[in-house]
Amino acid sequence: MRLTTSILSGVLAVLLPAAGRADPISSAISASLQNAASARVDSTYAVILYADGKRTLVPLASLSEADRAWLEKFAAEHPLGHGSSKVTVVKEEIERPIKKTIERSSVEGPVETVQLCAPAVLRDQIGNTCQLYAIIHCMDIAGYYVKIADVYKIVNMIELTSPQNPWADARYAPALYQFPRTYAPGNAFHTRDLTKQPFDWARDEIRRGHPVLAAFPESIWEGLPPAFVAAHRWDGGKEGHAIVVNGFTWNKLTGEGTFHIINSWRDLSEFDLPVESAKGLLVMQWSLSAKNEVQAVASTEVIANVVVLKKAADMNLYEVDTNLGKREVVAQNEADARRFVESPQTN
């Protein structure tokens, strides 16, 4: 037998209260509240139990004034009790993976080879900004990917004033030295251990997966591949240049080997420099830990003394004595060397 709509409505009106359902709800409230059976309103949330047994948690801020007023009245008339379960909120510790920088590490007889990854992007420097682009390559290898807009802020700053000699702009050195510390914590940078020979220190750092920022303070043509020098008709002028060392080969018996160089010229983005050619030419500046290898540690470094170790046309080598130890810094002058050491750590 089929029931008409009016008869069915009458039957439901009789049956619903008997089944424990709430009284009919006003059609003026939102549809999400229409089938509520009971509710509990706390300081910021409301818990609603629906007729079909489902529950939901509703932020009070998401309700209209009319819905909230109705819900508070409804919860007072049809209270939903607290369950016996308890929710405990704990701080989630996110374990961030350390950037894997070592691509190859092997020893075959007396010859050791360690090669770090290349930068994700091999960049071609703009103007005479080799130090800036070497820093970018070093950070890229270690996993600190820079925003290109931050790079152009520095490049554009000196483009109109001194494109051929950016160091002549008093703003350049502070911006340059502060730049990497806006991405990496200060204790991720490691200056050379003066108890070790420079090349030995560099190899140890690369073994640890740390790319090394280095420089030819002068006469860079002496360290370039002969074929490149011949093709570009180098004039032999004394000019400094910053690069990155991200690998080496080393024969501990013969003392022969190479350093793998990452460069910032489109025509010569990388090459191997024989150790013999690097002697007296290549200066190691600092190395950089892989991203997430170290946690930021606040420290204050106070300079006690600055001594020039080697003078060159563009960049000099300084020994800076601080309360945290001695370090070697490549800079155009003593003031710039001090600025680099005293640059605040931002992370």
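Begin by selecting L132, F179, V245, F259, L282, M284 and L288, the residues with the most contacts inside the largest nonpolar core, which has 71 residues. Such a core is a set of buried Ala, Val, Leu, Ile, Met, Phe, Trp, Tyr and Cys residues joined through side-chain atoms within 4.5 Å; buried denotes under 20% relative accessible area, with a 1.4 Å probe and protein chains only. Next select helix α3 (residues 130-142), which contributes 10 residues, the largest share of this core. Helices are DSSP runs of H or I with at least four residues, strands are runs of E with at least two, and both are numbered from the N terminus.

The model is predicted: local features need pLDDT of at least 70 and side-chain atom pairs pLDDT 80 or more, whereas totals for chains, interfaces and linings use all residues. Residues are numbered from 1 along each chain as its sequence is written, and side-chain values use heavy atoms, without hydrogens and water.

Now centre on F179. Leaving aside neighbours within four places in sequence, F179 is in contact (heavy atoms within 4.5 Å) with L132, I135, I136, M139, V146, D150, V151 and I154.

I48 stands opposite T56 in β3.

Technical notes. Buried means under 20% relative accessible area, exposed over 50%, partly exposed in between (1.4 Å probe, protein chains only). Two strands pair if DSSP finds at least two bridges between them.
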